[in-house]
Amino acid sequence: MEGKNAHIDELVSRLLAEGLGKEERKELDDWMKQSDENRRYVMQCQEVWFSAIEEEESKRYDAGRAYAAFRERVAESQRKEEKRNFPWKTFCRYAAAVAALVLVAFFSYRSGETNLKHSLTAIEVEAPLGSQSKLRLPDGTLVVLNAGSRIAYPQDFGVDTRKVELEGEGYFEVEHNTEMPFYVSSANLRVKVLGTKFNFRDYPDDEQAVVSLLEGKVALDNLMREEAEMTLLPDERIVLDKRAGQMKKESGHDRQVTDWMQGRLSFDETPLGEVAKILERSYDVRIHFAGDALKSYRFYGNFSRTGQSLEDILEALEKTGKVRYAVSGREITLY
């Protein structure tokens with residue numbers, strides 16, 4: 001008996017070995033979306049498959065060794081309690097195809113300051129704290145991620161849709177395509193564009209989400225509450241107050257939109273609480289306040305991350321006469 005998920009096993013195996021057609025791929029994705037259990041089941045299949053590939057990477061996918069490694073991983077998994085009912089018969093029929101995979105659809109890659117992860121349903125790109133990441137999407141769109149940010153997009157991006165999910169801050173130069181609009185969604189806002197340049201900031205711990213437009217035209221939807229769609233023209237921005245759940249349009253060029261990409265930190269009467277968040281992301285540190293009243297102090301200054309250190313900025317804060325600081329490793333206390 002091959003088990004209740006025999007058909008799913010076959011779809012996963014064929015996906016990894018030779019690829020699936022559009023309808024079969026949709027069938028598998030829809031099944032995964034039905035429950036967390038289904039998603040974990042497919043991830044389990046995937047992990048076993050690629051663990052065999054990783055073991056053979058340095059051997060240039062020798063067919064005999066790759067297949068033997070895969071079967072050994074299967075045997076190990078069968079011996080574990082939580083996988084004792086896994087139906088391997090159908091899955092193993094496709095194992096020999098591992099040897100033919102020179103470029104597989106799943107890999108883990110870490111280089112410099114960018115973490116890139118391919119999973120079965122999405123590709124994620126992350127800019128760790130203290131760094132920035134730049135990438136080109138499959139349609140040619142340029143994305144620059146600020147520190148502590150990530151985007152995710154489906155592997156079939158650009159085939160039928162152009163949709164990405166953002167957490168943090170990203171600058172986008174979207175390739176024009178009137179037949180296929182480009183969407184960027186965060187937890188609170190969704191932006192729709194055809195081809196334009198804009199900056200989108202929505203960190204989970206920020207009180208505001210901000211979309212600033214440099215070129216073109218964009219439409220925004222409030223995902224926090226029902227509200228009329230708003231459009232932006234160049235040198236306009238939308239500010240979403242997360243506490244009230246309301247969007248507000250503002251005019252005027254936002255210098256910070258381009259400053260962060262050029263390694264500049266610009267503060268214009270910025271509350272110290274916001275300054276601390278920016279410094280934490282930019283320098284990968286933790287900043288604590290001895291009292292909450294300090295967070296409301298406002299700070300002005302322009303700094304270069306490449307030419308000035310965190311200590312230079314902290315000393316500038318101290319010279320205001322309102323703030324002092326103490327450093328212990330990567331922990332900083334303002335008082």
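Predicted model: local features only at pLDDT ≥ 70, side-chain atom pairs only at ≥ 80, totals over all residues.
The protein chain has 335 residues, and 46% of them are buried. Its secondary structure consists of eight helices and 20 strands. Contacts were also examined by their separation in sequence. The accessible surface of the chain is about 18000 Å². Carbon and sulfur atoms contribute 46% of that surface.

The structure contains 18 salt bridges. One of them pairs E215 with K197, with 3.5 Å between the closest N and O atoms. E215 sits in strand β11 (residues 208–215), and K197 sits in strand β10. The two residues are 18 positions apart, and the pair links distant parts of the chain. E215 is partly exposed, at 40% relative accessibility. K197 is also partly exposed, at 26%.

A second salt bridge joins the side chains of R281 and D206, at an N to O distance of 2.8 Å. R281 belongs to helix α7, while D206 belongs to the loop between β10 and β11, so this bridge ties together parts 75 residues apart in sequence. R281 has a relative accessibility of 11%, below the 20% limit for burial. It therefore counts as buried. D206 is buried as well, at 8%. Both residues take part in a network of salt bridges. The network links D205, D206, E274, K277 and R281.

A further salt bridge connects D241 and R243. Here the closest N and O atoms are 4.0 Å apart. D241 is partly exposed, with a relative accessibility of 27%. R243 is exposed, with a relative accessible area of 67%.

E311, D312, E315 and E318 form a negative surface patch. Of these residues, E315 lies in helix α8, which spans residues 310–318. E315 has a relative accessible area of 32%. Patch residues must have over 30% relative accessible area, so E315 passes this cut-off. It counts as partly exposed.

Several loop residues were then examined. G195 lies in the loop between β9 (189–193) and β10 (197–202). This glycine is partly exposed, at 26% relative accessibility. Its C-alpha atom is 3.9 Å from that of H176, although the two residues are 19 positions apart along the chain. Beyond its neighbours within four places in sequence, G195 touches V174, E175 and H176.

Backbone angles were considered next. Most residues other than glycine have a negative phi. D235 has a positive phi, near 65 degrees, and is not a glycine. D235 is located in the loop between β13 (230–232) and β14 (236–241). Its relative accessibility is 40%, so it counts as partly exposed. D284 likewise is not a glycine and has a positive phi, of about 55 degrees. This residue occurs in the loop between α7 (272–283) and β17 (286–289). D284 is partly exposed, at 35% relative accessibility.

Note on methods
Residues numbered from 1 in each chain as written. Heavy atoms only, no water. Patch = residues over 30% accessible without salt bridge, like charges linked within 9 Å, V, L, I, M, F, W, Y side chains within 5 Å. Areas by Shrake-Rupley, 256 points an atom, 1.4 Å probe, with all protein chains shown as cover. Lys, Arg positive; Asp, Glu negative; His and termini not counted. Charge placed at Lys NZ, Arg CZ, Asp CG, Glu CD. Helix = DSSP H or I, 4+ residues; strand = E, 2+ residues; numbered from the N terminus. Buried < 20%, exposed > 50% of the residue type's maximum accessible area, 1.4 Å probe, protein only. Contact = heavy atoms within 4.5 Å.
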